[in-house]
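Please read the following note beside the sequence and the model.

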Amino acid sequence: MKVSKITSIGRPVDFSYPTNRAIGIFSTVVLVITMLLQLFAGKDLFTAWFWGVGAGLTVFLAWALCRELDPDHDNSAFAAAGLAFVGLFFLGLANLGRLFWLLLAVRVVNRTTGLPATIVDSLAVVGLSGWLVYNGNWGFGLLTTIAFLLDSQLAPPYKQQLIFAGLSALSTVALVVLRGPLFPEGGFSWGAGAIALGFSAVFIPVILGSSTLKSMEDESGEGMKPARVQAGQVLALMAGVEIALWSGTLGFKSVMPLWATVVGAAVYGFLFVPRSKRQG
């Protein structure tokens, strides 16, 4: 059975490609370095292993997220991974649950494989979103609902996602009623939100440049849909700003690989992408 019959957004990493081998090696090196540093700092083996795996996944997810948000430029993903590695020393480990959700939600919208999300995919996104809502932030439910609505409307539309948009909305309301609170304790962090907006602004040229794409969808063999890629980009930025608004500095830090992607893709585009392409 083909994997695509079960999941169309869980893209396997094919290590026959040099770039995939490179990120696999880099992530492993980061794991080992981080683990050794923790051991030298006097941490026990389990703690050191936990940090090593978390660090390796953090840089890998920065790379994977950048491949989704800047699909035409393979090397910008390595800039993102490098910045995420540096960020580990200043901001600590990222929240892997939030990053996995973000990666999956973006893939639902941009449809980089060329195939719509399967029922298993959509249920997984709703379930992960529900877990994040239960942990105190109903914004994940709202953004998940938006992701399904976008997938149901953008060409080629997949109307089945209206069912999952409704399921996401209903489950979010139910979880808020059961769990609460409706708003974060201490109110929104407008300062952290402003910082996140500032970071988002540097990504605007990347969004404009995605109005034309040369990348191909994995399964269909057709060109990637610019409107879908741009919608996924905007959704990711909305998520980053919302998390910073809700959880302040800690929230901003928790999705550090997203900001590494934003800065890495923006800097790469400024240095290596022709100005006419950056302006769309």
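1. S27 counts as buried because its relative accessibility is 9%, where buried means under 20% relative accessible area, exposed over 50% and partly exposed in between, with a 1.4 Å probe and protein chains only. The residue belongs to helix α1, residues 18–40; helices (H or I, at least four residues) and strands (E, at least two) are DSSP runs, numbered from the N terminus. The S27 side chain reaches the backbone oxygen of I23 at 2.8 Å. Leaving out residues up to four places away in sequence, S27 touches G56, V59 and F60, a contact being heavy atoms within 4.5 Å.

2. The model is predicted: local features need pLDDT of at least 70, side-chain atom pairs count only at pLDDT 80 or more, and totals for chains, interfaces and linings use all residues. Residues are numbered from 1 along each chain as its sequence is written, and side-chain values use heavy atoms, with hydrogens and water left out.

3. The protein chain has 12 helices and 0 strands. Its C-alpha trace spans about 55 × 50 × 45 Å along the principal axes. Of the 280 residues, 49% are buried. Among contacts between residues at least 6 apart in sequence, 76% join residues at least 24 apart.

4. G240 lies in helix α10, residues 226–254. At a relative accessible area of 1%, G240 is buried. Apart from neighbours within four places in sequence, G240 is in contact with A196, L258 and W259.

5. Which residues line the largest cavity? They are V133, G136, N137, W138, L175, V176, R179, G180 and P181. A cavity is a set of points on a 1 Å grid over the protein atoms alone where a 1.4 Å probe fits but cannot get out, and lining residues have an atom within 4 Å of a point. By class, this lining has 5 nonpolar, 3 polar and 1 charged residues. The largest cavity holds about 40 Å³ of space.

Notes: A polar contact is a pair of N or O atoms within 3.5 Å; within protein, one must be able to donate a hydrogen and the other to accept it, and residues adjacent in sequence count only if both atoms are side-chain atoms. On a 1 Å grid over the protein atoms alone, a cavity is a set of points where a 1.4 Å probe fits but cannot get out, and a pocket is an open set with protein on both sides within 12 Å along at least five of seven lines; lining residues have an atom within 4 Å of a point. Grid points are joined across faces, edges and corners, and a volume is the space filled by probe spheres set on the points. Ala, Val, Leu, Ile, Met, Phe, Trp, Tyr, Cys and Pro count as nonpolar, Asp, Glu, Lys and Arg as charged, and the others, Gly among them, as polar.
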